[in-house]
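Subject: Structure handover

Hello,

Here is the structure I said I would pass on. Please open it first; my notes on what was found follow below.

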Amino acid sequence: MPGKITNDQLIAAANEFGTPLYVYHAEKIKEQYQKLTTAFAKQDTTFFYASKALTNINILRYINEIGCNVDCSSINEVKLALHAGFPPEKVLYTSNGIDFSEIEEAVAAGVHINIDSLSNLEKFGKKFGHSYPVGIRIRPNIMAGGNIKISTGHEGSKFGIPVTQLDKIEEIVKHTNLFIRTLHIHTGSDIKDPDVFVKGIEVLFELIPHFPELEVIDLGGGFKVPYHTDEKETDVNLLAQKIKECFDNHPVAGNKKFKLWFEPGKFLVSACGFLVSKVTVLKDNGATVFAAVNTGLNHLIRPMMYDAYHHIENISNPAGEKRLYTITGNICETDTFGSDRELNEVREGDLLAFHNAGAYGFEMSSNYNARFKPAEVLVRDGKAQLIRKRDQMEDLLKNQII
Ligand code: LLP
């Protein structure tokens, strides 16, 4: 069924490939992409999937296949995207704090580039002058996003060139004869309110007269996804409507017909993914019943790093009586996935599925405690296919001088 993977499919994948296991649902990614393209059909809009959310090469290939472009945050992500088959013109490299040599490599690869410092902008201008159109990441000084760790557009943020340094940008553009094609902002992740994007656009619109060769307004990513079952994702139809009004009503932007770019990560791949784990130990400490699972912060760090909520479901005992559990990992430090969660009765050996694990799940995993990284499976057209093998002992020793 499009958009939905069943618990039976998750259980079957866990039985076939073992646990802990990341399972992704291809059709859900497509459904999310189509929501975006449908919402923005009235405007010249291109979506670049923020691949930092999940870079498995099979996911990248699928994203390419459904017609979406790709955004990268390191030169290695650029190389993975090209390896997955994206043509360079569908690849964007939004850099941050990087060595200029990576930008040179990106130019050699022929991909779009957004530059986020005066220093690299100047080096770029000196080396490439007007020959290679480029984008500038602006810090609009807007506070946005689900929490401070994922807010990037505010005054204390390292990201982008502060909008207050426009004079310095102009000086560099003028004396190195740069071709500024794109103005970019990305103010944070988990943004539900469309007006945050509108505020960002208003900041960029003020800059338009300063960059006569401008063709693209890139508003980054950050659309909210529902982590809690009672939450709603960003209303992309409303967002599209508000943004269109902004462009249509603006005296300069309205006439120039700018292209609009976005870089969604979570919106495309968060809900498609599940981390399926097995309950290893039940510990009734009187006040709390702990359900320990065979995964931990090494595999899904979001709860520990951002206090993020992930819905947890006992998929192997759906008829069990509901009671409260605290779900913990197997890592040698506190790694609580959820406290006092109401779950169907949990027994040792049951399978617990963590929802919304597609974005920044596997991608932020590590081998902490010398544990193996999980395997990854892609379910497409109802068929489960292994897309990454579980680590083995050799992987832990790989690269070590023995
Ligand atoms: N574009 C740029 C320049 C970004 O820095 C990011 C995310 C995105 C697009 C995609 O944002 P998204 O649509 O996924 O919200 N690890 C954190 C999120 C960090 C986001 C970093 N930048 C988490 O798990 O919540």
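For the notes on residue classes, Ala, Val, Leu, Ile, Met, Phe, Trp, Tyr, Cys and Pro count as nonpolar, Asp, Glu, Lys and Arg as charged, and the others, Gly among them, as polar. By that scheme, the shell around the ligand is made up of 6 nonpolar, 6 polar and 6 charged residues. Please keep in mind that this is a predicted model.

The overall layout comes next. The protein is split into domain 1 (40–265) and domain 2 (273–397). Their C-alpha centres are 33 Å apart. Where the two domains meet, 18 residues of domain 1 are in contact with 17 residues of domain 2.

As for the ligand, the largest pocket is where the ligand sits. Both domain 1 (40–265) and domain 2 (273–397) contribute residues to the shell around the ligand, so the ligand lies between them. There are 18 residues around the ligand, and those that come nearest are S189, E263, K266, R302 and Y360.

Some individual atom pairs can be looked up in the viewer. In the side chain of E263, an N or O atom is 2.6 Å from a nitrogen atom of the ligand. The side chain of Y306 also has an N or O atom 2.8 Å from a nitrogen atom of the ligand. With G265 the backbone is involved: one of its N or O atoms lies 2.8 Å from an oxygen atom of the ligand. On its own the ligand has 580 Å² of accessible area, and the protein covers 92% of that.

Regards

Methods
Residues numbered from 1 in each chain as written. Predicted model: local features only at pLDDT ≥ 70, side-chain atom pairs only at ≥ 80, totals over all residues. Heavy atoms only, no water. Near = heavy atom within 4 Å. Polar contact = N/O pair within 3.5 Å; in protein donor to acceptor, adjacent residues only side chain to side chain. Areas by Shrake-Rupley, 256 points an atom, 1.4 Å probe, with all protein chains shown as cover. 1 Å grid on protein atoms, 1.4 Å probe; cavity = no way out; pocket = protein on both sides within 12 Å on 5 of 7 lines; lining within 4 Å. Sits in = over half its atoms within 2 Å of the grid points. Domains from an automatic or database assignment. Contact = heavy atoms within 4.5 Å.
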